Amino acid sequence: MAADDPRTDEGLMLAYRDGDADAFSVLYGRHRTRLFRYLVHQCGDEKQAEELYQDIWLRVVNARAEYEPLAKFSTWLFRIAHHRLIDHYRRHARDKVLLWEGNPETDDNPIEQYPASPDLTPPAQLERLQLRARISAALAELPEPQREAFLMAEEGGMTLEEIASATGTGRETVKSRLRYAMTKLRQTLKDLI
Amino acid sequence: MNEPKESPAPGALPSDAGLSRLYQAAAGAEPSAALDAAILRAARAAVAPKPASASLPWWKRLKAPVAVAATVMLAVMLTLTVDRNPPEVARESSQDAAQKALQRAPQSAPQNTPQKTSPTAVLPVPSTVPADARTDRSDHVGVVKGKVPAASVPATAAIVDHAEKKTKAVESVPAVPQLAAPPAAMESSSEAATTRAGKLENAEGRSSALPGRARSADAAAAPAMAPAGAAAPMLESTAKRAAPRPEIVWLEEIRALRRQGREDEAARRLAEFRLAYPDYPLPEDLK
(Lines give C-alpha, C1' and ligand atoms only; values in the text may rest on other atoms or scores of the structure.)
Protein backbone atom coordinates (compact mmCIF):
# COMPACT_ATOMS: atom_id res chain seq x y z
CA MET A 1 0.00 0.00 0.00
CA ALA A 2 2.86 2.36 0.83
CA ALA A 3 4.57 1.66 -2.46
CA ASP A 4 1.40 2.16 -4.49
CA ASP A 5 0.64 5.64 -3.29
CA PRO A 6 2.17 8.17 -5.69
CA ARG A 7 2.21 10.95 -3.13
CA THR A 8 5.46 12.10 -1.61
CA ASP A 9 6.16 11.82 2.08
CA GLU A 10 5.50 15.50 2.51
CA GLY A 11 2.21 15.27 0.64
CA LEU A 12 1.13 12.36 2.81
CA MET A 13 1.97 14.25 5.97
CA LEU A 14 0.02 17.27 4.78
CA ALA A 15 -2.93 15.02 3.99
CA TYR A 16 -2.73 13.55 7.44
CA ARG A 17 -2.58 17.02 8.94
CA ASP A 18 -5.84 17.72 7.15
CA GLY A 19 -7.47 14.64 8.62
CA ASP A 20 -6.60 11.80 6.23
CA ALA A 21 -5.72 8.93 8.54
CA ASP A 22 -4.95 6.61 5.63
CA ALA A 23 -2.18 8.93 4.51
CA PHE A 24 -0.49 8.40 7.83
CA SER A 25 -0.71 4.65 7.37
CA VAL A 26 1.12 4.90 4.05
CA LEU A 27 3.71 7.22 5.52
CA TYR A 28 4.21 4.98 8.50
CA GLY A 29 4.73 1.95 6.27
CA ARG A 30 7.44 3.73 4.37
CA HIS A 31 9.51 4.71 7.42
CA ARG A 32 8.77 2.17 10.09
CA THR A 33 11.66 -0.20 9.39
CA ARG A 34 14.26 2.51 8.88
CA LEU A 35 13.40 4.37 12.02
CA PHE A 36 13.21 1.26 14.11
CA ARG A 37 16.59 -0.03 12.97
CA TYR A 38 18.10 3.36 13.53
CA LEU A 39 16.84 3.32 17.09
CA VAL A 40 17.86 -0.25 17.75
CA HIS A 41 21.41 0.40 16.65
CA GLN A 42 21.51 3.68 18.54
CA CYS A 43 20.21 2.25 21.82
CA GLY A 44 21.61 -1.22 21.61
CA ASP A 45 18.42 -2.45 23.30
CA GLU A 46 15.39 -3.50 21.31
CA LYS A 47 12.96 -2.96 24.18
CA GLN A 48 14.17 0.53 24.73
CA ALA A 49 14.11 1.12 21.01
CA GLU A 50 10.45 0.12 20.90
CA GLU A 51 9.63 2.57 23.63
CA LEU A 52 11.48 5.34 21.85
CA TYR A 53 9.99 4.34 18.52
CA GLN A 54 6.42 4.64 19.79
CA ASP A 55 7.16 7.91 21.49
CA ILE A 56 8.67 9.38 18.33
CA TRP A 57 5.68 8.46 16.20
CA LEU A 58 3.31 9.90 18.76
CA ARG A 59 5.31 13.12 18.62
CA VAL A 60 4.83 13.11 14.87
CA VAL A 61 1.08 12.67 15.35
CA ASN A 62 0.85 15.46 17.90
CA ALA A 63 2.97 17.84 15.85
CA ARG A 64 0.90 17.40 12.68
CA ALA A 65 -0.84 20.76 13.05
CA GLU A 66 2.48 22.63 12.99
CA TYR A 67 3.98 20.59 10.19
CA GLU A 68 5.16 22.54 7.18
CA PRO A 69 7.08 20.90 4.33
CA LEU A 70 10.18 23.02 4.78
CA ALA A 71 12.40 19.93 4.53
CA LYS A 72 12.04 16.32 3.60
CA PHE A 73 9.78 14.35 5.87
CA SER A 74 12.58 11.93 6.67
CA THR A 75 14.76 14.82 7.82
CA TRP A 76 11.97 16.03 10.09
CA LEU A 77 11.34 12.53 11.37
CA PHE A 78 14.96 11.81 12.16
CA ARG A 79 15.37 15.21 13.78
CA ILE A 80 12.60 14.27 16.17
CA ALA A 81 14.32 10.95 16.74
CA HIS A 82 17.62 12.70 17.36
CA HIS A 83 16.12 14.97 20.04
CA ARG A 84 14.28 12.07 21.61
CA LEU A 85 17.52 10.12 21.81
CA ILE A 86 19.27 13.02 23.50
CA ASP A 87 16.48 13.11 26.10
CA HIS A 88 16.90 9.40 26.55
CA TYR A 89 20.63 9.70 27.03
CA ARG A 90 20.18 12.52 29.51
CA ARG A 91 18.05 10.28 31.66
CA HIS A 92 19.96 7.04 31.34
CA ALA A 93 23.51 7.74 30.30
CA ARG A 94 24.91 11.08 31.17
CA ASP A 95 28.26 10.36 29.59
CA LYS A 96 26.71 9.86 26.20
CA VAL A 97 25.10 13.26 26.34
CA LEU A 98 28.47 14.80 26.74
CA LEU A 99 29.35 13.37 23.35
CA TRP A 100 26.30 15.01 21.74
CA GLU A 101 26.85 18.34 23.41
CA GLY A 102 30.53 18.64 22.41
CA ASN A 103 31.80 21.18 19.96
CA PRO A 104 30.79 19.83 16.58
CA GLU A 105 33.73 21.42 14.86
CA THR A 106 36.34 19.84 17.11
CA ASP A 107 34.75 16.55 18.04
CA ASP A 108 36.33 14.42 15.34
CA ASN A 109 39.27 13.16 17.29
CA PRO A 110 38.02 13.27 20.91
CA ILE A 111 34.81 11.43 20.17
CA GLU A 112 36.60 8.54 18.64
CA GLN A 113 38.28 7.91 21.95
CA TYR A 114 35.01 7.15 23.74
CA PRO A 115 34.31 3.40 23.83
CA ALA A 116 30.89 1.80 23.31
CA SER A 117 29.02 0.20 26.17
CA PRO A 118 30.60 -3.08 27.38
CA ASP A 119 27.63 -5.25 26.57
CA LEU A 120 27.84 -4.21 22.94
CA THR A 121 31.49 -4.98 22.36
CA PRO A 122 32.19 -7.43 19.58
CA PRO A 123 33.60 -10.23 21.79
CA ALA A 124 30.34 -10.54 23.72
CA GLN A 125 28.24 -10.45 20.59
CA LEU A 126 30.28 -12.72 18.40
CA GLU A 127 29.61 -15.78 20.50
CA ARG A 128 25.85 -15.82 19.92
CA LEU A 129 25.20 -13.78 16.83
CA GLN A 130 25.98 -14.30 13.22
CA LEU A 131 26.39 -11.59 10.73
CA ARG A 132 23.78 -9.40 12.28
CA ALA A 133 25.53 -9.46 15.54
CA ARG A 134 28.80 -8.61 13.91
CA ILE A 135 27.37 -5.57 12.25
CA SER A 136 25.54 -4.44 15.33
CA ALA A 137 28.68 -4.77 17.34
CA ALA A 138 30.62 -2.88 14.75
CA LEU A 139 28.11 -0.12 14.86
CA ALA A 140 28.15 -0.15 18.62
CA GLU A 141 31.85 0.38 18.65
CA LEU A 142 31.39 3.61 16.83
CA PRO A 143 31.09 6.83 18.75
CA GLU A 144 27.48 8.03 18.90
CA PRO A 145 27.76 10.91 16.41
CA GLN A 146 29.51 8.75 13.85
CA ARG A 147 27.04 5.93 14.27
CA GLU A 148 24.15 8.34 13.95
CA ALA A 149 25.55 9.82 10.77
CA PHE A 150 26.07 6.37 9.33
CA LEU A 151 22.61 5.16 10.30
CA MET A 152 20.91 8.26 8.96
CA ALA A 153 22.68 7.82 5.69
CA GLU A 154 21.96 4.08 5.45
CA GLU A 155 18.48 3.90 6.98
CA GLY A 156 17.14 7.33 6.21
CA GLY A 157 18.77 7.75 2.83
CA MET A 158 19.58 11.29 3.81
CA THR A 159 22.12 13.59 2.21
CA LEU A 160 24.86 15.40 4.07
CA GLU A 161 22.75 18.52 4.31
CA GLU A 162 19.76 16.62 5.61
CA ILE A 163 21.80 14.85 8.23
CA ALA A 164 23.35 18.14 9.22
CA SER A 165 19.90 19.68 9.50
CA ALA A 166 18.53 16.77 11.51
CA THR A 167 21.43 16.69 13.93
CA GLY A 168 22.00 20.41 14.16
CA THR A 169 25.58 20.27 12.99
CA GLY A 170 27.56 21.47 10.04
CA ARG A 171 27.72 19.72 6.73
CA GLU A 172 31.48 19.20 6.88
CA THR A 173 31.20 17.78 10.36
CA VAL A 174 28.69 15.24 9.14
CA LYS A 175 30.92 14.38 6.22
CA SER A 176 33.88 13.84 8.54
CA ARG A 177 31.87 11.71 10.95
CA LEU A 178 30.57 9.62 8.14
CA ARG A 179 34.02 9.06 6.71
CA TYR A 180 35.42 7.97 10.08
CA ALA A 181 32.46 5.67 10.66
CA MET A 182 32.90 3.90 7.36
CA THR A 183 36.62 3.51 7.85
CA LYS A 184 36.11 1.90 11.24
CA LEU A 185 33.35 -0.37 10.02
CA ARG A 186 35.44 -1.55 7.11
CA GLN A 187 38.27 -2.33 9.45
CA THR A 188 36.00 -4.20 11.82
CA LEU A 189 34.09 -6.11 9.14
CA LYS A 190 36.89 -6.50 6.61
CA ASP A 191 36.65 -10.28 6.68
CA LEU A 192 32.97 -10.08 5.64
CA ILE A 193 33.27 -7.50 2.89
CA MET B 1 42.85 1.42 -0.14
CA ASN B 2 40.30 0.87 2.60
CA GLU B 3 39.19 4.47 2.61
CA PRO B 4 35.58 5.00 1.60
CA LYS B 5 35.22 5.99 -1.98
CA GLU B 6 33.72 9.44 -2.21
CA SER B 7 31.58 10.30 -5.13
CA PRO B 8 32.74 13.10 -7.37
CA ALA B 9 29.78 15.30 -6.59
CA PRO B 10 30.69 17.87 -3.93
CA GLY B 11 27.49 17.41 -1.90
CA ALA B 12 27.35 13.65 -2.19
CA LEU B 13 27.75 11.27 0.72
CA PRO B 14 30.91 9.34 1.28
CA SER B 15 29.77 5.92 0.16
CA ASP B 16 30.98 2.37 0.34
CA ALA B 17 28.87 0.01 -1.71
CA GLY B 18 30.24 -3.18 -0.13
CA LEU B 19 29.69 -1.97 3.40
CA SER B 20 26.24 -0.71 2.56
CA ARG B 21 25.25 -4.01 0.97
CA LEU B 22 26.52 -5.93 3.96
CA TYR B 23 24.63 -3.70 6.36
CA GLN B 24 21.37 -3.98 4.44
CA ALA B 25 21.69 -7.76 4.21
CA ALA B 26 22.20 -8.15 7.91
CA ALA B 27 19.62 -5.67 9.09
CA GLY B 28 16.57 -7.60 10.23
CA ALA B 29 15.07 -5.74 13.12
CA GLU B 30 11.47 -4.60 12.67
CA PRO B 31 8.84 -3.20 14.97
CA SER B 32 6.31 -5.69 16.23
CA ALA B 33 2.81 -5.86 14.79
CA ALA B 34 1.34 -4.83 18.13
CA LEU B 35 3.50 -1.74 18.16
CA ASP B 36 2.42 -0.89 14.62
CA ALA B 37 -1.24 -1.33 15.52
CA ALA B 38 -0.94 0.84 18.62
CA ILE B 39 0.71 3.66 16.71
CA LEU B 40 -1.77 3.55 13.84
CA ARG B 41 -4.68 3.44 16.27
CA ALA B 42 -3.38 6.51 18.07
CA ALA B 43 -2.86 8.30 14.77
CA ARG B 44 -6.43 7.59 13.65
CA ALA B 45 -7.87 8.63 16.96
CA ALA B 46 -6.04 11.94 16.76
CA VAL B 47 -7.78 12.94 13.52
CA ALA B 48 -11.11 11.23 14.17
CA PRO B 49 -14.04 13.68 13.99
CA LYS B 50 -15.35 14.80 17.33
CA PRO B 51 -18.89 13.84 18.35
CA ALA B 52 -21.27 16.24 16.68
CA SER B 53 -23.01 18.80 18.83
CA ALA B 54 -26.28 17.86 17.12
CA SER B 55 -26.63 15.05 19.63
CA LEU B 56 -27.50 17.64 22.27
CA PRO B 57 -31.19 18.32 22.83
CA TRP B 58 -32.53 21.46 21.21
CA TRP B 59 -33.13 23.23 24.49
CA LYS B 60 -29.48 22.86 25.38
CA ARG B 61 -28.28 24.05 22.00
CA LEU B 62 -30.66 27.03 21.98
CA LYS B 63 -30.28 27.91 25.64
CA ALA B 64 -28.15 30.98 25.11
CA PRO B 65 -30.13 32.44 22.18
CA VAL B 66 -33.43 31.92 23.98
CA ALA B 67 -32.09 33.61 27.10
CA VAL B 68 -30.91 36.60 25.11
CA ALA B 69 -34.21 36.86 23.23
CA ALA B 70 -36.21 36.68 26.45
CA THR B 71 -34.13 39.41 28.02
CA VAL B 72 -34.52 41.69 25.02
CA MET B 73 -38.27 41.09 24.85
CA LEU B 74 -38.70 41.82 28.55
CA ALA B 75 -36.74 45.04 28.23
CA VAL B 76 -38.80 46.17 25.24
CA MET B 77 -42.09 45.37 26.95
CA LEU B 78 -41.09 47.26 30.07
CA THR B 79 -40.04 50.25 28.00
CA LEU B 80 -43.32 50.28 26.07
CA THR B 81 -45.33 49.88 29.25
CA VAL B 82 -43.63 52.81 30.91
CA ASP B 83 -43.98 54.91 27.78
CA ARG B 84 -47.68 54.27 27.39
CA ASN B 85 -48.59 54.53 31.08
CA PRO B 86 -46.66 57.39 32.62
CA PRO B 87 -48.54 57.79 35.91
CA GLU B 88 -46.76 60.88 37.09
CA VAL B 89 -46.90 62.82 33.86
CA ALA B 90 -50.54 62.05 33.09
CA ARG B 91 -51.84 63.14 36.46
CA GLU B 92 -49.63 66.14 36.53
CA SER B 93 -50.82 67.30 33.13
CA SER B 94 -54.49 66.99 34.07
CA GLN B 95 -53.82 68.88 37.26
CA ASP B 96 -52.06 71.62 35.34
CA ALA B 97 -54.96 71.84 32.92
CA ALA B 98 -57.36 72.33 35.80
CA GLN B 99 -55.22 75.04 37.30
CA LYS B 100 -54.90 76.85 33.98
CA ALA B 101 -58.61 76.72 33.47
CA LEU B 102 -59.17 78.21 36.87
CA GLN B 103 -56.67 80.95 36.21
CA ARG B 104 -58.43 81.83 32.98
CA ALA B 105 -61.74 82.02 34.73
CA PRO B 106 -61.30 85.46 36.40
CA GLN B 107 -60.51 87.04 33.07
CA SER B 108 -63.63 85.68 31.49
CA ALA B 109 -65.78 86.25 34.56
CA PRO B 110 -66.82 89.87 33.75
CA GLN B 111 -68.23 88.75 30.43
CA ASN B 112 -70.55 86.31 32.13
CA THR B 113 -74.05 87.31 32.78
CA PRO B 114 -74.98 87.70 36.44
CA GLN B 115 -77.19 84.61 36.23
CA LYS B 116 -74.27 82.50 35.18
CA THR B 117 -72.35 83.02 38.33
CA SER B 118 -73.61 80.90 41.07
CA PRO B 119 -72.18 79.28 44.16
CA THR B 120 -73.06 75.96 42.64
CA ALA B 121 -70.65 76.63 39.81
CA VAL B 122 -67.89 77.25 42.22
CA LEU B 123 -66.32 74.06 43.26
CA PRO B 124 -63.35 73.46 45.45
CA VAL B 125 -60.17 73.22 43.43
CA PRO B 126 -56.87 71.67 44.29
CA SER B 127 -55.15 75.04 44.35
CA THR B 128 -56.18 75.25 47.97
CA VAL B 129 -54.06 72.27 48.70
CA PRO B 130 -50.72 73.35 50.07
CA ALA B 131 -47.71 72.98 47.90
CA ASP B 132 -46.26 70.09 49.81
CA ALA B 133 -49.45 68.11 49.44
CA ARG B 134 -49.73 68.91 45.75
CA THR B 135 -46.25 67.95 44.87
CA ASP B 136 -46.36 64.82 46.94
CA ARG B 137 -48.51 62.56 44.83
CA SER B 138 -47.67 59.42 46.68
CA ASP B 139 -51.36 58.73 47.23
CA HIS B 140 -51.86 58.63 43.47
CA VAL B 141 -49.15 56.16 42.65
CA GLY B 142 -49.29 54.16 45.81
CA VAL B 143 -45.81 55.21 46.91
CA VAL B 144 -45.49 56.63 50.37
CA LYS B 145 -42.67 59.07 50.54
CA GLY B 146 -40.57 59.76 53.55
CA LYS B 147 -42.26 62.87 54.81
CA VAL B 148 -45.70 61.28 54.94
CA PRO B 149 -46.19 59.54 58.26
CA ALA B 150 -46.61 55.83 57.97
CA ALA B 151 -49.72 55.87 60.10
CA SER B 152 -51.50 58.12 57.62
CA VAL B 153 -51.24 55.70 54.73
CA PRO B 154 -54.16 53.42 55.54
CA ALA B 155 -56.14 56.41 56.69
CA THR B 156 -55.53 58.07 53.36
CA ALA B 157 -56.83 55.07 51.48
CA ALA B 158 -60.00 55.01 53.53
CA ILE B 159 -60.41 58.72 53.12
CA VAL B 160 -60.10 58.49 49.38
CA ASP B 161 -62.96 56.01 49.30
CA HIS B 162 -65.01 58.28 51.51
CA ALA B 163 -64.33 61.28 49.31
CA GLU B 164 -65.36 59.40 46.22
CA LYS B 165 -68.62 58.46 47.83
CA LYS B 166 -69.16 62.07 48.77
CA THR B 167 -68.44 63.22 45.26
CA LYS B 168 -70.93 60.77 43.87
CA ALA B 169 -73.44 61.96 46.40
CA VAL B 170 -72.98 65.54 45.29
CA GLU B 171 -73.39 64.60 41.67
CA SER B 172 -76.48 62.56 42.38
CA VAL B 173 -78.36 65.41 44.10
CA PRO B 174 -81.07 66.63 41.73
CA ALA B 175 -83.04 69.83 41.79
CA VAL B 176 -80.13 72.07 42.50
CA PRO B 177 -80.98 75.45 41.16
CA GLN B 178 -78.36 75.81 38.54
CA LEU B 179 -78.35 79.41 37.65
CA ALA B 180 -75.91 79.04 34.88
CA ALA B 181 -73.68 76.45 33.37
CA PRO B 182 -70.00 77.05 33.93
CA PRO B 183 -67.72 77.46 30.98
CA ALA B 184 -66.76 74.24 29.30
CA ALA B 185 -63.17 74.29 30.32
CA MET B 186 -64.06 75.15 33.84
CA GLU B 187 -66.68 72.45 33.99
CA SER B 188 -64.39 69.69 32.92
CA SER B 189 -61.55 70.79 35.06
CA SER B 190 -63.73 71.45 38.05
CA GLU B 191 -65.04 67.90 37.92
CA ALA B 192 -61.59 66.49 38.26
CA ALA B 193 -60.73 69.15 40.72
CA THR B 194 -63.71 68.26 42.84
CA THR B 195 -62.68 64.67 43.07
CA ARG B 196 -59.10 65.46 43.88
CA ALA B 197 -59.97 68.17 46.29
CA GLY B 198 -62.38 65.89 48.03
CA LYS B 199 -59.71 63.25 48.40
CA LEU B 200 -57.08 65.60 49.58
CA GLU B 201 -59.22 67.56 51.94
CA ASN B 202 -60.67 64.47 53.47
CA ALA B 203 -57.15 63.31 53.99
CA GLU B 204 -56.37 66.57 55.65
CA GLY B 205 -59.36 66.52 57.94
CA ARG B 206 -59.05 62.94 59.08
CA SER B 207 -55.41 62.21 59.24
CA SER B 208 -54.39 65.67 60.44
CA ALA B 209 -51.41 65.36 58.19
CA LEU B 210 -52.15 68.76 56.68
CA PRO B 211 -53.37 71.07 59.41
CA GLY B 212 -54.92 74.49 58.83
CA ARG B 213 -57.12 73.44 55.97
CA ALA B 214 -60.75 73.78 56.94
CA ARG B 215 -62.41 73.27 53.65
CA SER B 216 -63.74 69.80 52.86
CA ALA B 217 -65.90 68.03 50.40
CA ASP B 218 -68.81 68.64 52.71
CA ALA B 219 -68.17 72.33 52.61
CA ALA B 220 -67.86 72.30 48.89
CA ALA B 221 -71.02 70.35 48.47
CA ALA B 222 -73.02 72.47 50.88
CA PRO B 223 -73.80 75.37 48.54
CA ALA B 224 -74.85 72.98 45.87
CA MET B 225 -77.36 71.30 48.13
CA ALA B 226 -78.67 74.49 49.70
CA PRO B 227 -81.29 76.65 48.08
CA ALA B 228 -80.21 79.87 46.52
CA GLY B 229 -81.47 82.01 49.35
CA ALA B 230 -79.45 80.20 51.92
CA ALA B 231 -76.27 80.43 49.89
CA ALA B 232 -75.09 83.68 51.42
CA PRO B 233 -74.96 82.59 55.07
CA MET B 234 -73.30 79.40 54.09
CA LEU B 235 -70.76 81.24 52.03
CA GLU B 236 -70.12 83.48 54.93
CA SER B 237 -69.46 80.66 57.28
CA THR B 238 -67.35 78.95 54.70
CA ALA B 239 -65.31 82.07 54.16
CA LYS B 240 -64.75 82.36 57.84
CA ARG B 241 -63.53 78.83 58.05
CA ALA B 242 -61.22 79.01 55.06
CA ALA B 243 -58.64 81.71 55.31
CA PRO B 244 -56.62 80.89 52.20
CA ARG B 245 -59.03 79.86 49.49
CA PRO B 246 -59.00 79.99 45.74
CA GLU B 247 -59.26 83.42 44.28
CA ILE B 248 -62.06 82.50 41.97
CA VAL B 249 -64.18 81.19 44.81
CA TRP B 250 -63.60 84.29 46.84
CA LEU B 251 -64.43 86.62 44.00
CA GLU B 252 -67.57 84.72 43.14
CA GLU B 253 -68.72 85.05 46.71
CA ILE B 254 -68.10 88.78 46.59
CA ARG B 255 -70.11 89.02 43.38
CA ALA B 256 -72.88 87.02 44.94
CA LEU B 257 -72.97 89.40 47.91
CA ARG B 258 -73.15 92.37 45.59
CA ARG B 259 -75.95 90.84 43.63
CA GLN B 260 -77.82 90.35 46.85
CA GLY B 261 -77.28 93.99 47.69
CA ARG B 262 -75.01 93.34 50.61
CA GLU B 263 -72.47 95.91 49.58
CA ASP B 264 -70.91 96.36 53.02
CA GLU B 265 -70.23 92.73 53.41
CA ALA B 266 -68.98 92.52 49.84
CA ALA B 267 -66.61 95.42 50.48
CA ARG B 268 -65.37 93.75 53.63
CA ARG B 269 -64.80 90.51 51.79
CA LEU B 270 -63.04 92.35 49.03
CA ALA B 271 -60.74 93.97 51.58
CA GLU B 272 -59.99 90.58 53.05
CA PHE B 273 -59.35 89.30 49.56
CA ARG B 274 -56.96 92.13 48.85
CA LEU B 275 -55.12 91.32 52.07
CA ALA B 276 -54.93 87.66 51.20
CA TYR B 277 -54.04 88.19 47.55
CA PRO B 278 -52.45 91.62 47.21
CA ASP B 279 -50.99 90.84 43.80
CA TYR B 280 -54.09 89.33 42.26
CA PRO B 281 -55.47 91.52 39.42
CA LEU B 282 -59.07 92.34 40.29
CA PRO B 283 -61.73 91.93 37.61
CA GLU B 284 -63.23 95.12 36.30
CA ASP B 285 -66.61 94.56 37.89
CA LEU B 286 -65.07 94.38 41.37
CA LYS B 287 -62.77 97.37 41.17
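Reply: This is a predicted model, and confidence is a reasonable place to begin: chain A averages a pLDDT of 81, with 79% of the residues scoring at least 70. One stretch of chain A, residues 124–128, has a pLDDT below 50, and beyond near neighbours in sequence this stretch has six contacts in the model.

Turning to the part you asked about, the largest nonpolar core holds 61 residues, and the members that touch the most others are A:L35, A:W57 and A:F150. The element that gives the most to this core is helix α2 of chain A, residues 21–43, which supplies 12 residues.

A second, separate core has 11 residues, and B:W250, B:L257, B:L270 and B:Y280 are included in it. As for the chain that carries these four residues, chain B has 13 helices and two strands, and 35% of its 287 residues count as buried. Among the contacts in chain B with a separation of 6 or more, 69% are accounted for by residues 24 or more positions apart. The accessible surface of chain B comes to about 16,700 Å², and carbon and sulfur atoms account for 62% of that area.

Key
Residues numbered from 1 in each chain as written. Chains lettered and ligands numbered in written order. Predicted model: local features only at pLDDT ≥ 70, side-chain atom pairs only at ≥ 80, totals over all residues. Heavy atoms only, no water. Buried < 20%, exposed > 50% of the residue type's maximum accessible area, 1.4 Å probe, protein only. Contact = heavy atoms within 4.5 Å. Areas by Shrake-Rupley, 256 points an atom, 1.4 Å probe, with all protein chains shown as cover. Core = buried A, V, L, I, M, F, W, Y, C linked by side-chain atoms within 4.5 Å. pLDDT = per-residue confidence, 0-100.
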